Amino acid sequence: MSANIVSGAGGRSKDVVRVAATSDVHCKRGSTGALRPMFAEIAEEADILLLCGDLTHFGLVDEIGVFLDDAIPVMKKIPVLSVLGNHDYEAGKQNEIRKLLTEAGILMLDGNEQEVLGIGFTGVKGFGGGFGDRSLQPWGEKTIKNFVKEAVDEANKLETGLNKLDPGPRIVLLHYAPISGTVVGEPPEIYPFLGSSRLEEPLNRHSVTAAFHGHAHKGQWLGRTSADIPVYNVSVSVLRAHFPARRPYIIIEVPVN
Ligand SMILES: [Fe+2]
Ligand SMILES: [Fe+2]
């Protein structure tokens, strides 16, 4: 599998699916139209689009309307899969947002599985807690235990989704980071709020093809789990910083049978 930072070059093979991904578009009231050129380009360049959450800035239903207005060209042409991000929870309207996205035709992932064009997909929002030996442990106050439980529950949901997927190419969508490698560049003080190693363990155990996430707006676009699985941070701000001459999405080419 290769990561191709797309510019529309090259022919298309029937045995390769071009998977585009972006994240953290943070639509706001009044931002209508800002994403249309990118989505129109993705509709031409890719076979599938993945969105890793924070589609809205304040989690408002109006904002998801802005997002959907801009996304219509790509949704008409290729399958779109998404998880929600923490910003999509901000106003407590996450269920309504998920319903609107589903009704518009977007395949929403939250521990469920989808097979599209020969690739198995699952995903969860994930949660924080930190990485490696420094991960927050469920010890002491109940509030700390509840915080850790949220991360454990998300990791368990991811495991459930992965268990349902057939062998073959499998891709995971997350909002929070599963490894520290793709959050490097953020202030170290906030690493524990950007992701959790608890999300890495299921990726390694199931030998997935690749994982995508967002949330860390100043991280690195590419890292690897301890089992060498590629992890892509596709936040638009990360991709703009690393690839200033391109629109902020990437495409990977996934061989399928
Ligand atoms: Fe974000
Ligand atoms: Fe976020």
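Helices are here runs of at least four residues that DSSP marks H or I, numbered from the N terminus, and in this predicted model one such run, helix α1, spans residues 36–45 and includes Ala43. Ala43 has 19 C-beta neighbours inside 10 Å and therefore counts as partly exposed, since a residue is called buried if 20 or more other C-beta atoms lie within that distance.

In soluble globular proteins, nonpolar side chains tend to be buried together. The largest nonpolar core of this model has 69 residues, and Val19 and Leu50 are those with the most contacts inside it. Beyond its neighbours within four places in sequence, Val19 is in contact with several residues, among them Leu50 itself, Ala46, Ile171 and Val254.

Another part of the model is an open sheet of 6 strands, in the order β6-β7-β8-β9-β11-β10, with mixed pairing. Because β6 (113–116) and β10 (222–224) stand at the edges with a single partner strand each, one side of each is left without a neighbour in the sheet. On average, and ignoring direction, neighbouring strands of this sheet are turned by 25° against each other. Helix α4 (residues 142–164) lies across β6, β7 and β8 (170–173), and runs at about 165° to β7.

Notes: Residues numbered from 1 in each chain as written. Chains lettered and ligands numbered in written order. Predicted model: local features only at pLDDT ≥ 70, side-chain atom pairs only at ≥ 80, totals over all residues. Helix = DSSP H or I, 4+ residues; strand = E, 2+ residues; numbered from the N terminus. Buried ≥ 20, exposed ≤ 12 C-beta atoms within 10 Å, placed from the backbone. Core = buried A, V, L, I, M, F, W, Y, C linked by C-beta atoms within 7 Å. Contact = placed C-beta atoms within 7 Å. Pairing = 2+ DSSP bridges. Axes fitted to C-alpha atoms, helices over the stretch in contact; angles between N-to-C directions.
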